[in-house]
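Biologist: I am new to this kind of model. Could you show me how to read it, feature by feature?

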Amino acid sequence: MRTDVIVLGAGIVGLGLALNLQERGRSVVLVDRSGPGEGTSFGNAGLIQREAVMPYTFPDDPMTLIQAALNIRVDAYYQMSSLKAVAPWLYEYWRHSSDEKVAQSAAARAPLFEICLTEHDKLAAAAGATAQLRRGGWLKVFSKEKSLADEIGKVNELEAFGINAEICDHRKLSQMEPHLTGDLIGAVHWKDPYSLAEPLALSQAYAALFEKRGGKFVEGDARSLQQEGDGWSVETTDGRISARDCVVALGPWASDVTVPLGYDLPLGVKRGYHMHYRTKGNAMLNLPVLDGDTGYLIAPMTHGIRLTTGAEFAERDAPPSYVQLERAEPVARSIFPLGDRVDPEPWLGRRPCTPDMVPVMGPAPRHKGLWFTFAHAHHGLTLAGSAGRFMAELIVGETPFCDPAPYRVDRF
Ligand SMILES: Cc1cc2nc3c(=O)[nH]c(=O)nc-3n(C[C@H](O)[C@H](O)[C@H](O)COP(=O)(O)OP(=O)(O)OC[C@H]3O[C@@H](n4cnc5c(N)ncnc54)[C@H](O)[C@@H]3O)c2cc1C
């Protein structure tokens, strides 16, 4: 089978790209070893985070660092057996967390976040999935004055990026979310973002649109990728697929294909877990709520309240450890009446990250017709539309809507 473009990986990033390529007249085959949206894109917190222009950084205040070193925090945890393997990446992450580097990363991220909502609006409208994009934003709640004050500082900083937020006192927060309990003093309501009740459903709606437009989804192993004549080929259950252009959109598994080709990029993972809970009595949440003092999120979803954890530093394929979830769950129960667990075991995902928290997007420098789009870190769902548009523009030879330099493959 021959096509214009092979996209390796049918996560939300690959899907966003495939739809944008089709809109520019390209035939596309999506190759994945499992169903669309069943990788990292399956289990995230469902936020389309217009406000997340500033990258999450390595902590710099002494108390946080001591707690992190002692491995007693909820929002960050490391597996001791992986420490040696992940230490070089952590060092690079620390290096990229200086004020100067963070400002550079924010400038690189800003154009992608600026259009993240409108690009999802377009894709969702075409896919008949507009109703999935829940308006109303999300809440970051606090019980400590200092952390609320810090977040208010961010509100002021982000105003320059056109981002809307409201500071809520305890009374206002109780009106918005009457079932929150505990000693919360207030919240920042980030008003622009969307949220999803089921991230998989959005991937499936985008995949259905892709197939309706004539795109083909096939099962195959991306590691069979080979350079062939003036293009690329990959083995699938439908036989060999060939194309002039091929895009690696494999999220945390990108290195399985890029390393054998000689591209050893600093791709790390911040692992995270989720678990669904029933609610007690008639309790309900209207919006996703992030506990800003502790660092976990609870969100109203199709299968119950989804609790997602912060960052676990461990090798990508290390066995799961449920320490963070065990630590977050009792704290979450103190702010919301969570009932029994729903899932037989927690879901584990891997946020694909570079040390500068800027995605890798662009042509592979030493291989004609090969393109990379991965490492969208904490925000692959958020950026699926804007990154898809950017990459499609590059691949078809249009002028991309923003400067490609900050995302270059060879910037490290
Ligand atoms: C706990 C948690 C919460 C998160 N919350 C949010 C959030 O609220 N908002 C947000 O924007 N982002 C969030 N993220 C991040 C987001 O989920 C990721 O950035 C995003 O899913 C990455 O998408 P992707 O398409 O690049 O990767 P994936 O979804 O992982 O897709 C890669 C695909 O490649 C396939 N694949 C891998 N290897 C092979 C192979 N050898 N052959 C064939 N196919 C292969 C996989 O099956 C998979 O489908 C969160 C992540 C986690 C873990």
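Biologist: What should I know before I start?

Modeller: This is a predicted model, where local features need pLDDT of at least 70 and side-chain atom pairs count only at pLDDT 80 or more, while totals for chains, interfaces and linings use all residues. Residues are numbered from 1 along each chain as its sequence is written, and side-chain values use heavy atoms, with hydrogens and water left out.

Biologist: How many residues surround the ligand, and which are closest?

Modeller: A residue is near a molecule if one of its heavy atoms lies within 4 Å of it. Here 32 residues surround the ligand. The closest are Asp32, Thr40, Ser41, Leu47 and Thr382. The shell holds 11 nonpolar, 16 polar and five charged residues.

Biologist: Which helix or strand supplies the largest share of the shell?

Modeller: Helices (H or I, at least four residues) and strands (E, at least two) are DSSP runs, numbered from the N terminus. Helix H11 gives the largest share, three residues. Helix H1 (12–23), strand S19 (347–353) and helix H11 (380–396) each supply at least two.

Biologist: Which protein atoms lie 3.0 Å from a ligand atom?

Modeller: For Asn44, a polar side-chain atom lies 3.0 Å from a ligand oxygen. For Ala45, a backbone N or O atom lies 3.0 Å from a ligand nitrogen. Taken alone, the ligand exposes 1,000 Å², and the protein buries 98% of that. Such areas come from the Shrake-Rupley method with a 1.4 Å probe; for residues, only the protein chains shown count as cover.

Biologist: How many salt bridges are there?

Modeller: A salt bridge is a side-chain nitrogen of Lys or Arg within 4 Å of a carboxyl oxygen of Asp or Glu. The whole structure has 27. In one of them, Glu23 pairs with Arg213, the closest N and O atoms being 3.2 Å apart. Glu23 lies in helix H1 and Arg213 in the loop between helix H8 (199–212) and strand S9 (216–219), so the pair ties together parts 190 residues apart in sequence. Another joins Arg389 to Glu119, at 2.9 Å between the closest N and O atoms. Arg389 is in helix H11 and Glu119 in helix H5 (residues 116–127), 270 residues apart.

Biologist: Is Glu119 buried or exposed?

Modeller: Buried means under 20% relative accessible area, exposed over 50%, partly exposed in between (1.4 Å probe, protein chains only). Glu119 is buried, at 5%. Glu23 is partly exposed, at 45%.

Biologist: What about the backbone angles?

Modeller: Most residues other than glycine have a negative phi. Met357 has a positive phi of about 60°. Met357 sits in the loop between S19 and strand S20 (360–363). Ala375 also has a positive phi, near 70°. Its loop runs between strand S21 (370–374) and H11.

Biologist: Which residues form the nonpolar patch on the surface?

Modeller: Patches are made of residues with over 30% relative accessible area and no salt bridge; like charges are joined within 9 Å, nonpolar side chains (Val, Leu, Ile, Met, Phe, Trp, Tyr) within 5 Å. Ile66, Leu70 and Ile72 form this one, with about 310 Å² of accessible area together.

Definitions and conventions. A polar contact is a pair of N or O atoms within 3.5 Å; within protein, one must be able to donate a hydrogen and the other to accept it, and residues adjacent in sequence count only if both atoms are side-chain atoms. Ala, Val, Leu, Ile, Met, Phe, Trp, Tyr, Cys and Pro count as nonpolar, Asp, Glu, Lys and Arg as charged, and the others, Gly among them, as polar.
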